[in-house]
Amino acid sequence: MADRPPGPGRPRVAIVGAGIGGLAAALFLRDAGVDAVVYEQSAEITAAGAGILMTPNAVRLVRRLGLAGPFAARAVRLEQAWEFRRWETGEVLFVQEMGDLCARLYGEAMYTAHRGHLIGLIADAVPPEMLRLSCRVTGVRDDGDGVELTYVPGGGPPERARYDAVIGADGIHSQLRELVTEAAVPEFSGDCAFRCLLPASAVPEFGRRPVQTLWLGPGRHFVHYPVSAGKLVNVVAIVPAGDWRDESWVADGRVEGLAAEFVGWDDRIGALIAAATETKRWALYDRSPLPRWTRGRLTLLGDAAHAMLPYHGQGANQAFEDAVVLGLALRGVSAAEVPGALLRYEEIRRPRASRVQEMSHGRRDSNHLPDGPEQRRRDAAFAKRAPLRDNAWLYAYDAEAEARRALGLDR
């Protein structure tokens, strides 16, 4: 496939990886007048995973891409973002109202969505000429004046293309990350996650409500919420991993194994698990923030830059923030100015993403307290919480406005 010539005076950017972050970056770069091409080794754009939480800091960016209407039609607007319940009795420990209050505070509501629907929505907005499917990137060489990308298209011989920058958006197991920095060795959390998508028709009404419900118990917790305009219910259960060490979102688990983890819990948990016919299972590894994201004309984005545990549901949201800031940082720059622009992108994004990353690994111990004095103190403290306002730094954040301010761009 012939590479299209660059536009007059525009830098050319290659994005490696067609996940949420890579595809969103392609759209924001296009809007910034930058020529971008996305390389994806799969023959089609698919999504591992199931349900995701989309918080106001990312929903406003979906809107700025012009996708808010179709997104909302396929997602579920949460009326309660969190409903914490006690594992054995179902006693409600805390409820965080959302809906209109969230929209008034932060300008956008909070949603749950199917990851595949979100990726499909973004991919449909990317012009076909910006996508290189069935192209596996095998080499990246930065010679100072540009970057030579080597890739294998389909089953053919290797080909090369030259760009002014390469963006590593190749996920949690990024191959490009090692070209930028030495990543910390992943630390096994001791936990694994089971994930199921259940047909809403097979789920009791309790599980179909527009609520994210978290059941907290000794050593584990159980989460469920509707997705896909209410047609499916997403279940995620975090439990001790035992011998399981596979960090793959597509590895098959056993429903019987999931059910065994929640024997003795409230009967409503059992009813949800009984609706499952299959489950995925993956081990959870923690990663420390990277000391750098950028080297020369190569930078990182999304999970490649800041893979985080799922306890705050911010992985996709932070990738959206990366994407809009990258687009603004490269807006109007020349090819010679690209390395400096990538450093400015990192300077804006890395401190915030690192804070979210560190916050995400701090919630595990609180969620999994054994019954006893600490657990009772935690439960009592829920009544004093005001997380919507406590999390204003996270949800009220406007990544586009912050980047414009930091970069000195006109509004």
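Over the face of which ring does Arg268 lie, and at what distance from the ring centre? I found Arg268 over the face of Phe206, 4.9 Å from the ring centre. The criterion I applied places a charge over a ring if NZ of Lys or CZ of Arg is within 6 Å of the ring centre and within 35 degrees of the ring normal. I also noted Arg85, whose charged end sits over the ring of Trp215 at 5.8 Å from its centre.

**Basis.** I worked on a predicted model, in which local features need pLDDT of at least 70, side-chain atom pairs count only at pLDDT 80 or more, and totals for chains, interfaces and linings use all residues. Residues are numbered from 1 along each chain as its sequence is written, and side-chain values use heavy atoms, with hydrogens and water left out.

**Aromatic pairs.** Rings of Phe, Tyr and Trp (its six-membered ring) pair if their centres lie within 6.5 Å; planes under 30 degrees apart count as stacked, over 60 as edge-to-face and the rest as tilted. Phe84 and Phe382 form a stacked pair, because their ring centres are 4.9 Å apart and their planes stand at 20°. Phe84 belongs to strand 5 (residues 80-86) and Phe382 to helix 14 (residues 373-382), so the pair ties together parts 298 residues apart in sequence. For these elements I used DSSP runs numbered from the N terminus: helices are H or I of at least four residues, strands E of at least two.

I then checked burial (buried is under 20% relative accessible area, exposed over 50%, partly exposed in between, with a 1.4 Å probe and protein chains only). Phe84 counts as buried at 3% relative accessibility, and Phe382 counts as buried at 6%.

The rings of Trp293 and Tyr345 have centres 5.9 Å apart and planes at 55°, so I recorded this pair as tilted. Trp293 lies in the loop between strand 17 (280-286) and strand 18 (294-295), and Tyr345 in helix 12 (residues 338-361), 52 residues apart. Both Trp293 and Tyr345 are buried. I also found Trp87, Phe222, Phe262 and Trp265 linked by ring pairs into a cluster.

**Helix 1.** I noted that 10 of the 12 residues of helix 1 are buried, including Leu23, Leu27 and Phe28. Just after helix 1, Gly33 takes a positive phi of about 80°.

**Cysteines.** I looked for disulfides (pairs of cysteine sulfur atoms within 2.5 Å) and found zero. The cysteine sulfur nearest to that of Cys192 belongs to Cys196, 12 Å away. Cys192 is buried, with a relative accessible area of 0%.
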